[in-house]
Amino acid sequence: MIIFETERLRLETWGENAVSELMKLHGSLDVVRFLDATGTFYDRPKAEKRLAEWDQEYHQHGIGKQRLVRRHDSAFLGRAGFSLFKPDIPEIGYSLLPEHWGNGYATEIAEGLRDWLAASAKWNGFIGFAHVDNVASNRVLERIGMTPTHQDVISDLPM
């Protein structure tokens, strides 16, 4: 099911290849170094658990991390969406396969997510955070209008 589309991208619910796609995404050291303090890759049980959590968030709250694809060829690019950071505060997130970095996809989907959530009457805003060393992701957050407020440790990582 399509959640929304941008000029080049489509955010959709996960399909039958979800576990293998998520394992591929979180099987890259370039990706997990900014997301997991131990640098642990997703194995099948962890991928299944995360997908179940995102699916539950989507069905209960209308948000969750979803499958990100390129519109013209449906190529899997990564994941993007919102998760609940606190019961009433969505947190924006996106992770792309390294071979798709540098194409403006992260900014495009983050803008789309920002606008999609703003159109919802349910949420009054959102937060975003990125690893302090993830310059590209921090730039994306700034490009969509977010302002750095402070540095904190989240999941044992400096954000």
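Strands E3 (residues 65–70) and E4 form a hairpin, with five residues between them. Ser74, in the turn, has a positive phi of about 60°. Strands here are DSSP runs of E with at least two residues, helices are runs of H or I with at least four, and both are numbered from the N terminus. This is a predicted model, in which local features need pLDDT of at least 70, side-chain atom pairs count only at pLDDT 80 or more, and totals for chains, interfaces and linings use all residues. Residues are numbered from 1 along each chain as its sequence is written, and side-chain values use heavy atoms, with hydrogens and water left out.

Start with the pairing. Two strands pair if DSSP finds at least two bridges between them. E3 and E4 run antiparallel and are joined by five bridges. Leu68 stands opposite Gly78 in E4, and Gln66 has Ala80 of E4 as its bridge partner. E3 also pairs with E2, again in the antiparallel sense, over four bridges. There, Glu12 stands opposite Arg67 in E3.

Move on from E4 to strand E5 (residues 89–96). Eight bridges join these two antiparallel strands. A hairpin of two residues links E4 to E5. Ser83 has Glu91 in E5 as its bridge partner.

How are E3 and E4 covered, buried or exposed? Buried means under 20% relative accessible area, exposed means over 50%, and partly exposed lies in between (1.4 Å probe, protein chains only). Six of the six residues of E3 are buried, so E3 is largely enclosed by the rest of the structure. Strand E4 (residues 76–86) is mostly covered, with eight of its 11 residues buried.

Next comes the interior. A nonpolar core is a set of buried Ala, Val, Leu, Ile, Met, Phe, Trp, Tyr and Cys residues joined through side-chain atoms within 4.5 Å. The largest one has 24 residues, and Leu11, Leu68, Ile92, Tyr94, Ile109 and Leu113 touch the most other members. Strands E1 (2–5), E2 (9–12), E4 and E5 each supply at least two residues of this core, as do helices H4 (105–118) and H5 (135–143). H4 gives the most, with six residues. A second, separate core has 12 residues, including Ala18, Leu22, Tyr42 and Leu97.

Contact means heavy atoms within 4.5 Å. Leaving aside neighbours within four places in sequence, Tyr94 is in contact with Arg79, Ala80, Ala106, Ile109, Ala110, Ser137, Val140 and Leu141.

A pocket is found on a 1 Å grid over the protein atoms alone: an open set of points where a 1.4 Å probe fits, with protein on both sides within 12 Å along at least five of seven lines, and lining residues have an atom within 4 Å of a point. Of the 45 lining residues, Phe34, Leu35, Arg79, Tyr94 and Ser95 lie nearest the centre of the largest pocket. The space in this pocket is about 1100 Å³, where a volume is the space filled by probe spheres set on grid points joined across faces, edges and corners. E5 gives the largest share of its lining, six residues.

The second largest pocket holds about 520 Å³ of space. It is lined by 18 residues, and Gly128, Phe129, Pro148, Thr149 and His150 lie nearest its centre. Here H5 supplies the largest share of the lining, three residues.
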